[in-house]
Amino acid sequence: MLGENHSLLNEFPEFKDLISELSSQDASFAEDTKTYNALDKEIRSLELRDSPIDDEEMHKLKHDRAVLKDSLYHRLQQAK
């Protein structure tokens with residue numbers, strides 16, 4: 001769905017406390033979370049404005065978000 005919120009807390013509400021803990025204790029995790037959420041916000045904004053970029057660039061943004069999401073999820077799984 002267009003404009004859907006895919007922030008890390010929205011995607012993994014069961015890890016809310018762990019996300020907060022890792023974000024305060026692990027600078028790399030915090031930076032990746034910040035980047036992921038910024039990408040998600042940018043994608044939502046573009047979708048709500050009818051994607052004023054070409055399809056290839058939108059696909060790259062979504063790909064980058066998915067790669068980060070997978071990485072963050074694996075790190076959450078390892079830390080639990």
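A word on what you're looking at. This is a predicted model, so local features need pLDDT of at least 70 and side-chain atom pairs count only at pLDDT 80 or more, while totals for chains, interfaces and linings use all residues. Residues are numbered from 1 along each chain as its sequence is written, and side-chain values use heavy atoms, with hydrogens and water left out.

Back to the rings. Rings of Phe, Tyr and Trp (its six-membered ring) pair if their centres lie within 6.5 Å, and planes under 30 degrees apart are stacked, over 60 edge-to-face and the rest tilted. That gives 3 aromatic pairs. In one of them, Phe12 and Phe15 have ring centres 6.3 Å apart and planes at 65°, so they sit edge-to-face. Together with Tyr73, Phe12 and Phe15 make up one aromatic cluster.

Both phenylalanines also belong to the largest nonpolar core, a set of 16 residues (buried Ala, Val, Leu, Ile, Met, Phe, Trp, Tyr and Cys joined through side-chain atoms within 4.5 Å). Ile19 is among its residues with the most contacts; leaving aside residues up to four places away in sequence, Ile19 touches Leu8, Leu9, Phe12, Phe29 and Leu76 (heavy atoms within 4.5 Å).

As for confidence, pLDDT (the predictor's confidence in each residue, from 0 to 100) averages 93 over the protein, and 96% of the residues score at least 70.

Terms used. Buried means under 20% relative accessible area, exposed over 50%, partly exposed in between (1.4 Å probe, protein chains only).
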